[in-house]
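Reader: Please take me through this structure and set each term you use against its definition.

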Amino acid sequence: MELVRRLMPLTLLILSCLAELTMAEAEGNASCTVSLGGANMAETHKAMILQLNPSENCTWTIERPENKSIRIIFSYVQLDPDGSCESENIKVFDGTSSNGPLLGQVCSKNDYVPVFESSSSTLTFQIVTDSARIQRTVFVFYYFFSPNISIPNCGGYLDTLEGSFTSPNYPKPHPELAYCVWHIQVEKDYKIKLNFKEIFLEIDKQCKFDFLAIYDGPSTNSGLIGQVCGRVTPTFESSSNSLTVVLSTDYANSYRGFSASYTSIYAENINTTSLTCSS
């Protein structure tokens with residue numbers, strides 16, 4: 001009995017130390033600050049699937065010592081659908097920390113595929129989650145590119161009543177690491193009917209890797225009509241006289257790409273958009 005009494009304080013001390021150690025580990029994991037450059041400086045692109053816990057505050061910095069910019073694409077974002085943009089969001093900053101200029105914010109209320117570009121070779125993004133105990137998944141893909149080097153036939157402006165366009169190199173495999181934007185605008189009082197004769201992109205249920213994004217208006221902030229991939233032949237119709245089409249590809253599994261055509265549909269009393277092109 002006397003031996004038990006003498007061992008009791010030692011047992012309590014050990015339990016107390018273990019509790020402090022566990023708490024310290026939990027606090028360390030909560031910060032989850034990671035550099036994506038790190039030791040592997042030869043890495044020019046990276047794809048990540050982030051599984052996030054409640055009450056996270058995580059920051060990643062992408063850095064590479066060369067004269068290139070970074071394009072980061074959040075092609076699949078599953079956050080708290082009931083959470084506010086203030087309590088749960090992704091923020092992207094231009095520079096080495098969250099003190100740099102804010103490039104933009106993503107939350108569950110956004111109606112577009114978020115894409116951001118840095119002004120130099122460093123970019124930081126931060127993810128904050130609320131306390132709701134639900135599954136959260138974010139697919140992030142980034143790569144370095146030279147802003148002054150463009151891919152032929154990658155995007156453009158189309159302003160005739162009808163026309164057609166294809167992915168670069170079609171029907172040969174599309175280029176890797178391509179981000180092409182086509183802006184279509186027709187005359188006032190017309191809508192646009194977009195028909196894809198062929199889409200042959202990497203097959204993925206959530207279209208995380210290679211995809212086409214179609215927006216109902218003059219820019220990628222106009223409202224997403226659809227995000228498609230694989231082998232499909234969909235048709236889309238705008239609510240105004242403008243439409244935006246984006247092709248985004250990663251570094252693997254290049255296929256034929258796509259072939260599309262559009263026509264104009266006369267419709268009185270529709271919303272019209274004025275699009276100005278500049279350098």
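Author: Buried means under 20% relative accessible area, with exposed over 50% and partly exposed in between (1.4 Å probe, protein chains only), and strands are DSSP runs of E with at least two residues, numbered from the N terminus. The model is predicted, so local features need pLDDT of at least 70 and side-chain atom pairs count only at pLDDT 80 or more, while totals for chains, interfaces and linings use all residues. Residues are numbered from 1 along each chain as its sequence is written, and side-chain values use heavy atoms, leaving out hydrogens and water.

Reader: What makes β3 and β8 a pair?

Author: Two strands pair if DSSP finds at least two bridges between them; strand β3 (residues 57–63) and β8 are joined by seven, in the antiparallel sense, and therefore meet that definition. T61 has T124 of β8 as its bridge partner. Strand β5 (residues 89–93) also runs antiparallel to β8, with five bridges, and F93 stands opposite T124.

Reader: Why is a set of residues called a nonpolar core?

Author: The name applies because its members are buried Ala, Val, Leu, Ile, Met, Phe, Trp, Tyr and Cys residues joined through side-chain atoms within 4.5 Å. The largest such core has 34 residues, and among those touching the most other members are F165, F196 and F258. Its largest share, five residues, comes from β14.

Technical notes:
Helix = DSSP H or I, 4+ residues; strand = E, 2+ residues; numbered from the N terminus.
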